[in-house]
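Have a look at it first, then read the points alongside it.

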Amino acid sequence: MSQNYRKTIKDLVLHEETFVRLTLKGQMRGKEAPWRRVIVRPLLLKQHRHLQFSYFDTKQDITKNYRDREVEEKLDEVLALPFNAITVQTTIEDVHVQITRDGKAIFSRRNPTHPVEQPDLNHDLKKDLPLPADKPDLFLQTIGIMNAEGKVLVNMQDKFTQINEFLKLLEHSGELAHFDRKPVHILDCGCGSAYLSFAVYHYLNDIKGIPTQLSGVDTNGKLIEKSNLHSRELGFEQACFEQSAIINYKSEVPPDIILALHACDTATDEALVQGIVSQSHLIMCVPCCHHELHGQIQTVEAFRPVLQHGILKKRLADIVTDALRAQALRLMGYKTDVVEFVSSEHTDRNLMIRAVRRGMMGDKRAMQEYTELKEFWGVTPYIEKLLREKGCWVE
C-alpha cells in the first residue's frame, strides 16, 4: 500500500467532524492477516474523544480505545495489514478502496450510509447480533424468548445470549458460503428441546436465505413429540425429529452440519462420530458431563496433588477428554478449534469443539501428539473405540 493511499485514508479517519466508521476486511492473495476484520469508530469517553479499534477473528473479538498520538500509530498498524477491501464511512460520503493483486488501490465513492450532521460518539452502541434484541422476531416470540412488542423476557436472557453466540460462532467458521449443495442438511444430536437447532434453521432459511433441512434425534420421546409440535407451530416444514440413540441413527441424506448441545457424557462422542462417518462439512459440539475417562486416568506422580482431590480430578478429566476429542478430529481430517461458547455467567458448560472438514486424514504429527497424550494418562478415549468399531480409525 502506498504512502499516498495511507494518507488519504488517515485524513478521512482523523477528520473529527465527519468520520463515522472505518472497516478493513478481506485478505490479499498469498498473505495472511492476524484478524478477519478490523472496525474503527469514534466515541466519547470521560469527555474525551477516542477512536475505538475492534479486532475480530474466528474465536474472539478484542476492543481497544485510543486517543491523541496513539491513534495515528494504531491506524498505521492496521493500514499495513494485508486487507484488500477497506471502507471509510463519513457524514459526507462513503469511500471504498479495493486493493488489486499488484497492490494498486482503486477508489470508489458513493452517497453516505450515515447522512447525519455529525458522527455519533455514543459509547453504548447496540451490539451487532444475528437475531437483534430490539427487533420483533416471530421465531423468538413463538418459542417464548421475546414478547409481542419485541422485547426479550428477563428470564430468557441467558437463552437469548446462547442463541446469538451460537449463531455468531457458526458465522465465524467462515463456512456458510462454501456448501456445494442446497438445501443444507443439519442433524442435531441429542436435540432435547431443540431451541438452538430451531434458531439455526430459522437463521439460515429466513435471515440468510440459505435453503436448509433440519433433523433432530434424542432418546427422550416426550421431547421429540414437543419438538415436532413446535416445528409445526413455527411453520418449519423441513424440520423433523425422531426418537433414537445418536449412534444408531441413520440419515437418508448425509448431514452437512452436525450440532450437539450438551449431549451427556459419551453421547458427545457419538455425535462427533456421526459427523466423521457422514463426512459432515461442519461439526459444532458443546460437551456436557464427562465420566468415561475419569475412572481410566492413571495417577501420574507429578500430578498426585491434583488427582487426590475428586473435584480437581474431574476437571482434569474434562480437559483431557475434550483435548483428545479435538485431536481425534484432526486425525480424521478436520481443522479443529476449541473455543468459549458463551461467558461462564450464562452456563458452566461453555466450551465448544468446532471442526471443519478438510479431507486430509492421518496427519503423522497429529497422531504422535494424540498417542503421547493418551499414553501419558493411560486412557483410551471413547471416540477412538467408536471409530474403530465403524472401521474409520486411522493408524
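1. Let's start at a turn: Lys46 adopts a positive phi near 50 degrees in the hairpin of S2 and S3, where two residues sit between the strands. Helices (H or I, at least four residues) and strands (E, at least two) are DSSP runs, numbered from the N terminus. Please keep in mind that this is a predicted model, where local features need pLDDT of at least 70 and side-chain atom pairs count only at pLDDT 80 or more, while totals for chains, interfaces and linings use all residues. Residues are numbered from 1 along each chain as its sequence is written, and side-chain values use heavy atoms, with hydrogens and water left out.

2. Opposite Leu45 you will find His48 of S3.

3. S3 also has a partner in strand S4 (residues 61–66), to which six bridges join it in an antiparallel run. Within this pairing, Gln52 has Asn65 of S4 as its bridge partner.

4. Is strand S3 (residues 48–56) largely enclosed or open? Seven of its nine residues are buried, so S3 is largely enclosed by the rest of the structure. Buried means under 20% relative accessible area, with exposed over 50% and partly exposed in between (1.4 Å probe, protein chains only).

5. Thr23 belongs to strand S1 (residues 19–27). Its relative accessibility is 15%, so Thr23 counts as buried. Leaving aside residues up to four places away in sequence, Thr23 touches Arg37, Val38, Ile39, Ala85, Ile86 and Thr87; contact means heavy atoms within 4.5 Å.

6. Next, the nonpolar cores, each a set of buried Ala, Val, Leu, Ile, Met, Phe, Trp, Tyr and Cys residues joined through side-chain atoms within 4.5 Å. The largest has 43 residues, and Ile163, Phe166 and Phe198 have the most contacts inside it. Helix H5 (residues 195–207) gives the most to this core, with eight residues. Beyond four places in sequence, the residues that Phe166 touches include Leu196, Val200, Leu259 and Phe341. Apart from this core lies another, of 41 residues, among them Ile246, Ala260, Met367 and Val394.

Terms used:
Pairing = 2+ DSSP bridges.
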